[in-house]
Amino acid sequence: MSSDQDHLKETDTEARFEFKKEQKAAFAAEKGLNEETIRVISEDKDEPEWMLERRLRALKQYQKMPMPTDWPGQPDLSEVDVDEIVPYIRPDVEVRGGVDDWRDLPDDIKDTFDKLGIPEAEKNALSGVGAQYESEVVYQNMQERWEEKGVVFMNMDQAVQEHEDIVKEYFMTKCVPPSDNKFAALHGAIWSGGSFVYVPEDTTVDMPVQAYFRMNSEGMGQFEHTLIVAEKGSEVHYIEGCSAPKYSAFNLHSGGVEVFVGEDAHVQYSTVQNWSKNTYNLNTKRAIVEKNGRMEWISGSMGSKATMLYPASILKGRGASDNHITIAFAGEGQNIDTGAKVYHNAPDTKSTIESKSISKDGGRTNYRGLVHIANGATNSSTAVECDALMFDNESTSDTMPYMEINESTVDVAHEATVGKIGDEDIFYLQSRGLDDDDAKQMIVSGFIEPITEELPIEYAVELNRLVELEMEGSLG
Amino acid sequence: MATLEIKNLHARVAEEDGEQILRGVDLEVKSGEIHALMGPNGSGKSTTSKIIAGHPAYEVTDGEILLHLEEGDFGDLEIPDDARTWNLLELEPNERAALGIFLGFQYPAEIEGVTMTNFLRTALNAKLDEREELLFGEDEEEEEEDVGYDTSPMEGNVDDGEVGVAEFQKLLKEKMDLLDMDEKFMQRYLNAGFSGGEKKQNEVLQAAILEPSIAVLDEIDSGLDIDRLQDVSKGINALRDEQGTGILQITHYQRILEYVEPDYVHIMLDGKVVKSGDASLASELEDKGYDWVREEVYEAA
């Protein structure tokens, strides 16, 4: 097979995930979200004309596209309340992802913050209090070091103004076009905030870039857009959200993440999200990886009423590689539908996907993944491993690992385990002195250990504690 | 000195129409003694051991299991007068462990992702906490402030629990040396991918760390080659000689008894202990087989 890849199409393999053309009645009354609203947002942000045009185009697509309803086992989206979005996006209302005052947070969320020992700073950030605090200083210092190297890390809104050329080239054009899915379209129309990261050629950012440090400046919106451009030979680790359990009175989060991994570059994107239990968390995250580049996705999905999240890597250049590590936790009334997508569009590309999910008290987790190996992507290899752990007979877990292999000289491995937490395992630990809860907790922390060992230590600790908190009460 | 007293124990499988397995087991094991419990397959040996530890799969229909404690059983820890006799059947498995009961499993569970170090230190601290709670009632609310992690989260919080990381590492190393176990075990996941022999060594190691008053070892000798059998035996003898642990050793074979010499030998048949004696009973059994016991018992009856 020749190395000519012209016939390898870039992103035409979305069929599995494509939304059916069917209009849901719940979406008939969308009068709040109209062209006028979008114009006001854009004007308020003082955006260039081209961004307004993109927003309007996205809005049209959103209005045209039906809700996804027919994926097997998918979360029920019929209650997604788009009317809620309307007051949110109107600029005469406080545009903040959080509540206005710390005291307005529900007790369970506050309790979680306290148990996690979330710093005062972060509490302030979440409550929109722009106080002076230490992390801002830390962030400032880091920023100076990065600037010397030409690294850019700033609010996405600000980047539209200050790095217009780059943003114009990459923003929802070749990676996540609004036409990708209904919520990507919605995102394209009303996105706000998020991060912009630019790493110049052959530059290594030696400590993780953490959105955490500048949470105060934009309040981490519900429709934040993250754009990471890592040029040839560069390296960066971006960490988002992490253990800050995002709380919002609004019930829809629809973020967008686009990552461009240049030749020989290496990007790691880590996020641990813990949404309030009334939230629909519907995101689109995708990376395009050039020759010998490497993309790593590490995600922890906790909280929310329903999550649909399938970070994707398009391995475009020869020798590009991808590594997915995902963990999902679903409790009572939750449906966490996550997975991974990888498109092997060039020879010698490699991917590994490792997914762990835990469900309890009637919660449901799904692994929904797609690995596509294009004709011509010779000597590519993929290994998919999904493990699901259930606490009881009421909980469910499904594994849907789709594979589309259009090339014969490839190496494909797939393993899946679904199991209930073992009574014998619990008894063994109990016989050594651990009580029932601690025994279960130990088994769960062992189950997710492959994930936590990939995270920087403070995040690993917090992820463990989050899982412990999720399990608390339900086990008692 | 602690005494485990099993009286007229009857038990069945805890499900509808569950099979009756134990039909009146009587046994008494004191600290510092070594007992061998022998018997053919299906006679109820393993079931007895699991019920002592509190396995939920069995339902006790009659009889009792008592644990009698004396001053000095928990080192310097004072044991209140009203907390010296315990009905084990009323306690959770972890509470039994806290009072000094240990079960060495025939098939130890494999727990992925949990290092030996983390597991053993957590277990040791949980046991010490629970013990105080049982002896002296609920903890007085000592809210620990949030201390950070200085070590890997996989090893747990440094200041968490009575036995700190450094102290524990030292203890673990000592016990591993004794059992001739490689130090690399400390960072391996609990029993995951261990060979049969390694698992059994690990059971004895856990007993050495947790320092039980009474250790019930269920077929600790099965699947061991001769070298490993000697290591394990050395470990069992050390439990008795150095910690004063009472051992109830369940076995099919005479072989291990050459290395771990029992003070008492009991033979189980059809859910009852039908014959007890000293070490010579084991040799006699080896020569004559269980049919001999069966004939003797049923003739007498």
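**View 1. Contacts and secondary structure within chain A.** Of the chain A contacts between residues at least 6 apart in sequence, 84% link residues at least 24 apart. The model shown is predicted. Chain A contains 14 helices and 20 strands. Of its 476 residues, 54% count as buried.

**View 2. The loop that holds A:M67.** In chain A, A:M67 sits in the loop between helix 2 (49-64) and helix 3 (82-89). A:M67 has 17 other C-beta atoms within 10 Å; a residue needs 20 or more to be buried and 12 or fewer to be exposed, so A:M67 is partly exposed. A:E43 lies 24 residues from A:M67 in sequence, and the C-alpha atoms of A:M67 and A:E43 are 29 Å apart in space.

**View 3. The contact between chain A and chain B.** On the chain A side, 24 residues are in contact with 28 residues of chain B. At least two residues of the side of chain A that touches chain B come from each of helix 11 (423-430), helix 12 (436-447), helix 13 (449-452) and helix 14 (457-471) of chain A. Helix 12 of chain A supplies the largest share of this side, six residues. By residue type, the side of chain A that touches chain B consists of 10 nonpolar, eight polar and six charged residues.

Definitions and conventions
Residues are numbered from 1 along each chain as its sequence is written. Chains are lettered from A and ligands numbered from 1 in the order in which they are written. This is a predicted model: local features need pLDDT of at least 70, side-chain atom pairs count only at pLDDT 80 or more; totals for chains, interfaces and linings use all residues. Two residues are in contact if their C-beta atoms, placed from the backbone, lie within 7 Å. Helices (H or I, at least four residues) and strands (E, at least two) are DSSP runs, numbered from the N terminus. Ala, Val, Leu, Ile, Met, Phe, Trp, Tyr, Cys and Pro count as nonpolar, Asp, Glu, Lys and Arg as charged, and the others, Gly among them, as polar.
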